[in-house]
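Here is a set of questions about labels and the criteria behind them. Look at the model first, then check each label against its rule.

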Amino acid sequence: MTQHAVEKTSVTMLGLGAMGAALARTWLAAGHPLTVWNRTPARAAALAPEGARVADSAAEAVAANTLIVVCLLDDASVGEALAGVDLAGRDLVNLTTSTPAQARARAEWARERGARYLDGGIMAVPPMIGVPQTGGYVFYSGSRELFERHRETLAVPAGTTYVGEDAGFAALHDVALLSAMYGMFAGAAHAFALIRKEDIDPTALAPLLADWLVAMAPAVHRTADQLRSGDYTKGVVSNLAMQVAGTPTFLSTAEQQGVSTELLLPYFDLMRRRLVEGSGEEDLTGVVDLLAR
């Protein structure tokens, strides 16, 4: 190494499924010395020609480096893989999908074993890893000092967004965003179902639907502002009473098209409940309080 070269942080990667392998290959391509381990040895061996050092056990892989990144199937897999492994003095970054409660418990588990801990929630699919223009990123929570220490290395595969010292916050942000995504998918499914039996090309509806969802997305900022202020009438465009009055049209249209209303009814029911308990001049924000009880 020349005097001008920058030494890259060595990384240990535990777990080489689709996501783990994408992370590993990105660090290798960026010149980071990488030690890998996987429960299925063949997946680790496949990275050897690309420069990875293959460990025979999780314990050997952990012993090789200070920065340990874990991306396994679930929280139970993390406990199984690291059972009996000496974690003292290690920086454990857990990118395994988990619940906030599991992340907090895993942080305490790591602390008891002498490790520093960061939890992560990956907002990307494997093809987005190592491709900055796709916009993929990872939520991180836990030790701020640990995040800052490894920020540059963690930013190699995907962008980084730190969301707080509470180790459960990365998982909570992850699930919150993905929950909204599934709600969007549910609405899109209902929209496509409405036209399914008509002489309407779904590929013609798709750009209209995408543009409409993009146009509506900024409404989340108004909802957030109303939640923070407690004033649910602030900046209202279409009030709750008017929107509840319009719901029969959506239900009747679905019935006429032979489409189930099971995706719409739960939300419409919450809207009606809020109208009874709140004010017709409100926005739809009061539904959040019904859900959060």
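**Labels and their criteria**

Q: What makes E4 and E5 a parallel pair?
A: E4 and E5 pair in the parallel sense over four bridges. Two strands count as paired if DSSP finds at least two bridges between them, so four bridges meet the rule. Strands (E, at least two residues) and helices (H or I, at least four) are DSSP runs, numbered from the N terminus. Within this pair, Val69 stands opposite Val93 of E5. The chain passes from E4 through helix H4 (residues 75–81) to E5 in a right-handed β-α-β crossover. Right-handed here means that, with the strands pointing away from the viewer, the path from the first strand over the helix to the second runs clockwise.

Q: What are these labels based on?
A: The model is predicted: local features need pLDDT of at least 70, side-chain atom pairs count only at pLDDT 80 or more, and totals for chains, interfaces and linings use all residues. Residues are numbered from 1 along each chain as its sequence is written, and side-chain values use heavy atoms, with hydrogens and water left out.

Q: Why are E3 and E8 called edge strands?
A: The open sheet has eight strands in the order E3-E2-E1-E4-E5-E6-E7-E8, with mixed pairing. Strand E3 (53–54) and strand E8 (159–162) each pair on one side only.

Q: How do you know that both faces of E4 are covered?
A: Leu67 and Val69 on one side, and Ile68 and Val70 on the other, are all buried. Buried means under 20% relative accessible area, exposed over 50%, and partly exposed in between (1.4 Å probe, protein chains only). In a regular strand the side chains alternate between the two faces of the sheet.
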